[in-house]
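Hi,

Here is the structure I promised to pass on. Have a look at it first, and then read on for what turned up.

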Amino acid sequence: MFPLNPLFPPLLKDGCSRIISGAPAHTTPQFPFIPGSPIDLTKCLSSLVNVEGCVTEIHKAVFTGKFDNVAPMCCKAFSAVDAKCWPQMFPFNPFFPPLLKNECSRINEATPTH
């Protein structure tokens, strides 16, 4: 059903289970372990999940190719993700992480610091 984003079903399942059970929204979802992979997706995505709306912003950017909805905090979280995680996070779109990282560097430069 979601061939382009194998991480979406676990996120959707986790989000729906929180709504149904009334669980707090701050728990970190568990992602499937890909056999043969030394990468822990839960660890890889933890910084993105901890920024409210970041996973949704990145998901929209993947499918639309537009980065204008990616907030500076999400960019900061994405920049903190280890590059070794990218092939597991975006197995069908290996060009997306470098594009987003490039856009994030522009977004972070344009964002005033306090």
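A word on confidence to begin with: pLDDT is the predictor's confidence in each residue, on a scale from 0 to 100. You will want it here, as this is a predicted model. The protein chain has an average pLDDT of 76, and 62% of its residues reach at least 70. Among the elements, helix α4 (residues 72-79) has the highest mean pLDDT, 92, while helix α1 (residues 8-21) has the lowest, 64. Where pLDDT is low, the predicted coordinates should not be read in detail.

Now the fold. The protein chain contains 6 helices and 0 strands, so you can read the order from the N terminus simply as α-α-α-α-α-α. Of its 114 residues, 32% are buried. The exposed surface comes to about 7,500 Å², with 63% of that supplied by carbon and sulfur atoms. As for contacts between residues at least 6 apart in sequence, 51% of them link residues at least 24 apart.

The largest nonpolar core is made of 23 residues, and L48, I58, V70, F78, M89, F96 and L100 have the most contacts inside it. Two or more residues of this core come from each of α2 (41-49), α3 (54-64), α4, α5 (86-89) and α6 (96-110).

Which residues does L48 touch, once its neighbours within four places in sequence are left aside? L48 is in contact with C54, V55, I58, C74, A77, F78, V81 and M89.

Happy browsing, and best wishes

Definitions and conventions. Residues numbered from 1 in each chain as written. Predicted model: local features only at pLDDT ≥ 70, side-chain atom pairs only at ≥ 80, totals over all residues. Heavy atoms only, no water. Helix = DSSP H or I, 4+ residues; strand = E, 2+ residues; numbered from the N terminus. Buried < 20%, exposed > 50% of the residue type's maximum accessible area, 1.4 Å probe, protein only. Contact = heavy atoms within 4.5 Å. Areas by Shrake-Rupley, 256 points an atom, 1.4 Å probe, with all protein chains shown as cover. Core = buried A, V, L, I, M, F, W, Y, C linked by side-chain atoms within 4.5 Å.
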